[in-house]
Amino acid sequence: MSQSFQYVPQKGLVLFHGLASTCSKKVRFALMEKGLPFESRLMDLQAFEQFDPEYLKLNPNGVVPTLGHDGRAIIESNVIIEYIEDAFPETPLRPADPHDRARMRVMTRFADTFAYDAVYALTWQMLSAPVARKLSNAELEKLLSKVPTEERRKRWQTVAREDFTDEQVSESRRKMDDTLSKLEAWVGEGGPWLLGEQLTLADIAIVPFIDRIRNLLPEALDPQAYPRTVDWYARIFERPACQRALKFTEDPRAKELKNV
């Protein structure tokens with residue numbers, strides 16, 4: 001292993017994250033938008049560092065991101081960004097109005113479920129399949145024995161020895177279009193951001209998936225079909241925190257993954 005995950009510092013913020021992980025980008029954006037300093041623990045997901053026994057003590061699901069704060073670990077990206085807002089309310093990223101907060105949570109849940117499902121198959125084909133297909137049968141069995149969730153074990157098995165079917169890929173493309181259509185409607189409800197005049201966790205939660213769609217299938221983000229979404233994406237990408245979060249360049253591997 002290239003690093004140890006034996007502890008979370010008793011003071012301050014530490015982020016265990018992946019370079020190309022959409023959910024990691026979401027959390028980086030929230031931290032950076034608030035101007036919060038954090039210790040970066042960048043993990044090599046293609047070297048399976050997320051299955052290290054010490055890391056699994058922090059995140060039993062064996063995924064990133066995990067946020068450590070003052071000696072305690074917080075998991076699940078939507079939970080993490082809400083935690084950041086609770087712990088550091090300065091530079092608010094939640095609407096004051098309860099109804100708008102509820103709408104925001106509908107949007108963050110949409111990002112974490114539907115938008116995630118839209119991009120995962122093509123993302124795994126791009127990032128994980130080339131690594132998994134190099135594994136011998138014995139190496140694959142060893143890897144699968146470390147994966148703590150059945151869903152992830154099936155994905156590794158699929159990209160290693162099979163492939164996503166044409167039907168699954170077509171379904172992924174359909175969900176990308178549905179994601180963009182939903183976002184187009186939300187942006188069209190008024191204001192520069194998803195909930196009007198204030199940038200919120202809804203914008204932060206969704207933009208990594210729109211960025212991933214743009215990188216996987218550039219033609220999908222059609223300015224004629226989704227003009228408000230394209231404008232929103234350009235506007236949010238102008239924010240320095242968004243650029244730093246999505247184009248995180250702490251590690252030399254960023255050069256290999258800059259367009260993922």
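Colleague: Where is the place of T179?

Modeller: This is a predicted model, where local features need pLDDT of at least 70, side-chain atom pairs count only at pLDDT 80 or more, and totals for chains, interfaces and linings use all residues. Residues are numbered from 1 along each chain as its sequence is written, and side-chain values use heavy atoms, with hydrogens and water left out. Helices (H or I, at least four residues) and strands (E, at least two) are DSSP runs numbered from the N terminus. On that numbering, T179 has its place in helix α8.

Colleague: Is T179 buried or exposed?

Modeller: Buried means under 20% relative accessible area, exposed over 50%, and partly exposed in between, with a 1.4 Å probe and protein chains only. T179 has a relative accessible area of 2%, so T179 is buried.

Colleague: Leaving aside neighbours within four places in sequence, which residues is I210 in contact with?

Modeller: Contact means heavy atoms within 4.5 Å. With those neighbours left aside, the partners of I210 are T179, L180, L183, L221, W232 and Y233.

Colleague: What kind of aromatic pair do F110 and F114 form?

Modeller: Rings of Phe, Tyr and Trp (its six-membered ring) pair if their centres lie within 6.5 Å; planes under 30 degrees apart count as stacked, over 60 as edge-to-face and the rest as tilted. F110 and F114 both lie in helix α4, four residues apart. Their ring centres are 5.3 Å apart and their planes are at 15 degrees, so the pair is stacked.

Colleague: Which ring does the charged end of K175 sit over?

Modeller: A charge sits over a ring if NZ of Lys or CZ of Arg is within 6 Å of the ring centre and within 35 degrees of the ring normal. The charged end of K175 is 5.6 Å from the centre of its ring, that of F114.
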